[in-house]
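Please read it with the structure open.

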Amino acid sequence: MKKILVIGSLNLDMTVQVDHTPVVGETILSNKMEMNAGGKGANQACALGKLGADVIMLGAVGRDMYADIQMDSLNKAGVDTTRVIVKDEVSTGIALITVNRDGDNSIIVVSGANATLSKQDIDDNLDVIKESDIVIFQLEVPLETVCYAAGIAKKMGKMVILDPAPVPKNFPDELYHHVDIIKPNETELGMLTGVDNPEEHLEKAAACLRKKGVKDVIVTLGEKGVYLDDKISGAERIPAMKVQAVDTTAAGDSFTAALAIMLAEGKGLREAAIFANYVSAIVVTRKGAQSSIPTLEEVKRYIEQKEVAV
């Protein structure tokens, strides 16, 4: 099996359920808060582990109870955490999440140790990049570190997948040239390209990213499905699975992970995106981040049920 490396963030998610997302100046009450392992990088690694991938996580945490919760979750999922760096001078990253009655979330991230992941940390782990076949990035760690590591991975001939979240104000053009597959959501697509109403102009926005140097573009559109712009087979829309959303946390991360594991198995981008659609559909019906991610066996049963229903 091909090896997949995730370079990115590890957080402890503090999630509260709310009736609606508060507006400026509004105070609302919640009856419950849950603490779960999260962070876009760790979520992707956890999903890969649960789906049966040979996956290793490279990132940073503090020496605290939040890190203990995170490591326990990743280890149980089968993720190799030997390259997770413990930083004594900072705390583990924290994400403050509100989830409204429609299952939509709003997130504030306190970066903590994630902000300390450096070029030197990458240099200290060049061997694991060399040993990997696919390298996945997000943008919750320093942008210069991502650019540096992605450039190295590209020079080594690795497949580079980027989940461009959160989108920085000044996105470095050099990063596009290191990316094989970019997977923004609709909002991120608009921020990256400057295209208004990107869902109505997907072809134009995807062409903009291609012009910047990206090979393939996949846009997740929530209940509107997925837009795939494949350099080989062209563009198409893949409809979303019809489910009752409870919590969208980690849905995008799980999609990225599912996409990567299918590509690692030699599947085409379209087949990989369809499988990823099934995985994220399961995730949104469950609460939490890593706790909502299904195992491979659960995904297989879900797909069988859907095929029988059809």
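Is Lys 215 buried, partly exposed or exposed? Lys 215 is partly exposed, at a relative accessible area of 38%; buried means under 20%, exposed over 50% and partly exposed in between, with a 1.4 Å probe and protein chains only.

1. Basis. The model is predicted, so local features need pLDDT of at least 70 and side-chain atom pairs count only at pLDDT 80 or more, while totals for chains, interfaces and linings use all residues. Residues are numbered from 1 along each chain as its sequence is written, and side-chain values use heavy atoms, with hydrogens and water left out.

2. Lys 215 and Asp 180. These two residues form a salt bridge, with the closest N and O atoms 3.3 Å apart; the term requires a side-chain nitrogen of Lys or Arg within 4 Å of a carboxyl oxygen of Asp or Glu. Lys 215 sits in the loop between helix 8 (202-212) and strand 11 (216-220), and Asp 180 in the loop between helix 6 (173-177) and strand 10 (181-182), so the pair ties together parts 35 residues apart in sequence. Asp 180 is buried, with a relative accessible area of 10%. Helices (H or I, at least four residues) and strands (E, at least two) are DSSP runs, numbered from the N terminus.

3. Other salt bridges. The whole structure has 17 salt bridges. One of them joins Asp 127 to Arg 83, the closest N and O atoms being 2.7 Å apart. This pair links distant parts of the chain, with Asp 127 in helix 4 (residues 126-131) and Arg 83 in strand 5 (residues 80-87), 44 residues apart. Asp 127 is partly exposed, at 34% relative accessible area. Glu 34 and Lys 32 also meet through their side chains in a salt bridge (2.9 Å, N to O). Glu 34 is partly exposed at 24%, and Lys 32 is partly exposed at 47%.

4. Helix 1. Of the 11 residues of helix 1 (residues 40-50), 10 are buried, so the rest of the structure largely encloses this helix. The buried residues include Lys 40, Asn 43, Cys 46 and Leu 48. Their cover includes strand 1 (3-7), strand 3, strand 4 (54-62), helix 2 (65-76), strand 8 (134-137) and helix 9 (251-264). Gly 52 follows helix 1 and has a positive phi, near 95 degrees.

5. One annotated site. The unreviewed UniProt entry gives a "binding site" annotation to Asn 11, Leu 12, Asp 13, Gly 39, Lys 40, Gly 41, Ala 42, Asn 43, Glu 140 and Asp 253. Such annotations may be inferred rather than shown by experiment. From this set, the lining of the largest pocket includes Asn 11, Asp 13, Gly 39, Lys 40, Asn 43, Glu 140 and Asp 253. On a 1 Å grid over the protein atoms alone, a pocket is an open set of points where a 1.4 Å probe fits, with protein on both sides within 12 Å along at least five of seven lines; lining residues have an atom within 4 Å of a point.

6. Two residues of that site. Asn 11 belongs to strand 2 (residues 11-17) and is buried at 1% relative accessibility. Its contacts (heavy atoms within 4.5 Å), not counting residues up to four places away in sequence, include Gly 39, Gln 70, Asn 114 and Glu 140. Asn 43, in helix 1, is buried at 3%.

7. Val 283, in helix 10 (residues 269-283), is buried, with a relative accessible area of 0%. Arg 286 is in the loop between helix 10 and helix 11 (296-309) and is partly exposed at 26%.
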